[in-house]
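User: I'd like to learn how to read helix packing and strand pairing in a model. Can you walk me through it?

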Amino acid sequence: MYCVRCKSKGVWALATVKSDNVWFCDDCFVEHILKKVRHNVRKYQMFKPGDVLAVGLSGGKDSSFMLHILNKLKDEFEVNIFGVHIYQGLGSYSEESLEAVRKQCKELNVNLTIVKPEIEIKRYGQRERCSVCGAVRRYYLNKVSRENGAAVLLTGHTLDDEVMYFLKNIINGELGYISKQYPVLEGYDGMVKRARPIFNIAEEDIRYYVNLHNINIVNSECPYVDRLRSNQKLAILNMEKQFKNFRRGFVKNMVEKIIPLLPKQEFNSLKQCIKCGEPTSNDVCLVCRLKGLKDRTHEPKMKRKKIKR
Ligand SMILES: [Zn+2]
Ligand SMILES: [Zn+2]
């Protein structure tokens, strides 16, 4: 077999392109990935020369991959980048994540902002820990990006993520959330413009790229890893085996044909939280509401003593 791009023989990397599996040599594989991201940036006008870009970094493979690529493209697009890491405080996993992010930023000479949220990541009343974690990360990523003058906040949503969120949103009837899956969302009312430059890159390609470049990522799993989510991703990979071009066709048509048909009801104007001033659709934002909530899971039950008469 020959590399589809340079026709040479070599060590083979497999990148699944369009409907068929197309073979690339390592160098052409990297060029192919760069070309895809470059195309995404231009097609969706994700950023323009002179912009400062905030890159959300978790220490995992997807965001580390995104940073590596953007660092290669930053001179060409005449932009400056800095990393933002939200420290979760979940034991050794969080320490390792922080270390991986620090190491990569140091190697690439990228400035890094580390945020330690004022709120503990745990269960609050009926709200599960993973939901709190997501809300807290979104809140601080936006706040820190805006405060540091970022024109755009970049997030590492992958092809597989996009399929999974679309399915969830359809099942829950959340059409407004599907609109928000568009690769670029303009900023408004205190929300920084957001973009997903790797929205059409499959996770196996990301894994190959990360291994090829020896990028240091966190090895351990989050202690509260969502098993259901992992299984859902496996189910999507299974669909890929049953339907030719499942993920790529799915996401391409979601972005190009379905989202443009949806009403943009989720883009109603936002208020400022009366406590912290961050954008919110309520009077008090979720993070401020959580700060005010007591963790009921660890509260001892009140025992009433019988009063003897
Ligand atoms: Zn080649
Ligand atoms: Zn608030």
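Predicted model: local features only at pLDDT ≥ 70, side-chain atom pairs only at ≥ 80, totals over all residues.

User: What are the overall counts of helices and strands here?

Analyst: The protein has 10 helices and 10 strands. Of its 309 residues, 31% count as buried. Among contacts with a separation of 6 or more, 71% come from residues 24 or more positions apart.

User: How do I describe α2 against α7, and at what angle do they pack?

Analyst: Two packed helices are described by the angle between their axes and the distance between the axes. Here α2 (residues 61-73) and α7 (residues 203-212) pack at about 65°, with axes 10 Å apart. The crossing of α2 past α7 is left-handed.

User: Which residues of α2 and α7 meet?

Analyst: On the α2 side they are K61, D62, S64 and F65, and these meet I206, R207, Y209 and V210 of α7. Sorted by class, that contact has 4 nonpolar, 1 polar and 3 charged residues.

User: On to strands: how many bridges join β4 to β5?

Analyst: There are 5 bridges between β4 (residues 80-86) and β5 (residues 111-115), and the two strands run parallel. For instance, I86 has V115 in β5 as its bridge partner.

User: Which helix goes with β4 and β5 in a β-α-β unit, and what is its handedness?

Analyst: Helix α3 (residues 92-108) does: together β4, α3 and β5 make a right-handed β-α-β unit.

Definitions and conventions: Residues numbered from 1 in each chain as written. Chains lettered and ligands numbered in written order. Axes fitted to C-alpha atoms, helices over the stretch in contact; angles between N-to-C directions. Helix = DSSP H or I, 4+ residues; strand = E, 2+ residues; numbered from the N terminus. Left-handed = near helix turned anticlockwise from the far one by under 90°. Contact = placed C-beta atoms within 7 Å. Nonpolar A, V, L, I, M, F, W, Y, C, P; charged D, E, K, R; others polar. Buried ≥ 20, exposed ≤ 12 C-beta atoms within 10 Å, placed from the backbone. Pairing = 2+ DSSP bridges. Right-handed = clockwise from strand over helix to strand, strands pointing away.
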